[in-house]
Amino acid sequence: MQVLVLILNKVDCLEDILEGFIDVGIKGATVIDSMGMARVLGEDKLNNIPIFASMRMIINESYPYNKTIFVVLKDEQVLLAIDVIKRKVGDLNKPGVGILFTIPVNYVEGIAE
């Protein structure tokens with residue numbers, strides 16, 4: 001099993017992603033409000049740190065916060081979930097879209113089949 005984590009900057013796609021998960025049989029995702037480091041530090045501090053000054057240019061100012069989705073998946077569900085996400089948000093490599101990653105799960109309890 002794996003936990004899929006999506007830090008979603010395009011929050012207007014959230015419901016579409018969750019509905020897409022249901023359509024492919026994925027249930028039990030958890031969504032939390034989150035805020036990236038660049039937002040917390042603020043523009044003044046970012047301009048004083050060279051790497052963050054350049055990052056400021058790629059941050060979409062219309063997204064003051066983001067949503068983080070966590071979902072524990074069977075290995076065979078991971079590509080289905082990723083496909084749903086990419087169909088709803090587009091290219092994750094574009095600025096202001098989000099970040100997606102998975103982490104192996106060694107033990108899980110409390111997931112209803």
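Analyst: From the N terminus on, the protein chain runs β-α-β-α-α-β-α-β. This is a predicted model: local features need pLDDT of at least 70, side-chain atom pairs count only at pLDDT 80 or more, and totals for chains, interfaces and linings use all residues. Residues are numbered from 1 along each chain as its sequence is written, and side-chain values use heavy atoms, with hydrogens and water left out.

User: What makes a run of residues count as one of the 4 helices or 4 strands?

Analyst: Helices are DSSP runs of H or I with at least four residues, strands are runs of E with at least two, and both are numbered from the N terminus. The protein chain has 4 helices and 4 strands.

User: Why is Ile26 called buried?

Analyst: Buried means under 20% relative accessible area, exposed over 50%, partly exposed in between (1.4 Å probe, protein chains only). Ile26 has 2% relative accessibility, so it counts as buried. Ile26 sits in the loop between α1 (14-23) and β2 (30-34). Buried residues make up 30% of the 113 residues in the protein chain.

User: Which residues does Ile26 contact, leaving aside neighbours within four places in sequence?

Analyst: Contact means heavy atoms within 4.5 Å. Beyond those neighbours, Ile26 is in contact with Phe21, Val71, Leu73, Gln77 and Ala81. Ile26 and Leu80 lie 54 residues apart in sequence and 8.8 Å apart in space, C-alpha to C-alpha.

User: How do you know that the buried residues of α1 line one face?

Analyst: The buried residues in α1 are Leu14, Ile17, Gly20 and Phe21. Seen down the axis of α1, they fall within an arc of 130°, so they line one face of the helix. The arc is that of the directions from the helix axis to the C-beta atoms. An α-helix has 3.6 residues a turn, so residues three or four places apart point the same way.

User: What does that buried side of α1 pack against, and what is on the face turned away?

Analyst: The buried residues pack against β1 (2-8), β2, β3 (66-73) and α4 (75-89). The face turned away carries the exposed residues Glu15, Ile22 and Asp23.

User: Why is Ile111 called partly exposed?

Analyst: Ile111 has 41% relative accessibility, so it counts as partly exposed. Ile111 is in the segment after β4 (98-104).
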